[in-house]
Amino acid sequence: MNFGDVLTIVLPLLVLVGLLWALTAAFKPRDTGVSDAERYQRELAARSAAHQAAQVQEALALRARIEATTKPSQNTASQSEQAQQRRIPIQAQTGPSQAARPGEQPAVLPNGQLNPQLAFELQNLVRSGKKIEAIKVLRQATHTDLLTAKNYVDRL
């Protein structure tokens with residue numbers, strides 16, 4: 001047997017084995033599970049839903065904190081305590097000289113609002129173009145810092 005005879009037997013045999021392998025690979029049952037793309041889309045949707053839920057929880061917590069600070073409490077004891085805590089800084093700002101004047105209202109009322117007469121005077125000064133004078137009057141009346149007074153006058 002020479003090399004040509006071996007090649008004529010082995011070559012068709014190799015082609016037949018390759019053909020059988022290709023047929024078995026082609027007809028092999030496929031995995032009917034989830035593809036990589038579909039799995040990625042599901043993971044992305046789950047992460048997105050979790051992120052959205054976290055943002056909603058943060059927004060609700062922030063809203064509750066804002067409502068708790070802006071709305072008065074239903075508990076009268078805590079209301080009076082909160083009012084007392086608000087009065088202490090206001091009294092420190094207004095000083096004893098304003099409380100000593102018997103005929104005038106203080107610049108800052110006990111509820112934390114600005115005296116209406118002072119607010120009217122400040123509005124008139126701002127409307128007449130005397131913003132700096134309004135800031136000076138507000139600072140003298142309430143003993144606030146420059147930035148707070150400027151921000152208040154800017155909002156008028």
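Over which residues does pLDDT stay under 50? That is residues 90-102, and the model has 14 contacts for them beyond four places in sequence. Here pLDDT is the predictor's confidence in each residue, from 0 to 100, and contact means heavy atoms within 4.5 Å.

This is a predicted model, in which local features need pLDDT of at least 70 and side-chain atom pairs count only at pLDDT 80 or more, while totals for chains, interfaces and linings use all residues. Residues are numbered from 1 along each chain as its sequence is written, and side-chain values use heavy atoms, with hydrogens and water left out.

The protein chain averages a pLDDT of 78, and 73% of the residues score at least 70. Confidence is lowest in helix α3, residues 76-100, with a mean of 52, and highest in α5, at 91. Helices are DSSP runs of H or I, at least four residues, numbered from the N terminus.

Next, the core. The largest nonpolar core has 14 residues, and L114, L118 and V137 are among those with the most contacts inside it. Such a core is a set of buried Ala, Val, Leu, Ile, Met, Phe, Trp, Tyr and Cys residues joined through side-chain atoms within 4.5 Å; buried means under 20% relative accessible area, exposed over 50%, partly exposed in between, with a 1.4 Å probe and protein chains only. At least two residues of this core come from each of α4 (116-127), α5 (131-142) and α6 (146-154). The most come from α5, with 5 residues. Beyond its neighbours within four places in sequence, V137 touches L118, E121, L122 and L125.

Last, L16 in helix α1, residues 3-27. L16 counts as partly exposed because its relative accessibility is 45%.
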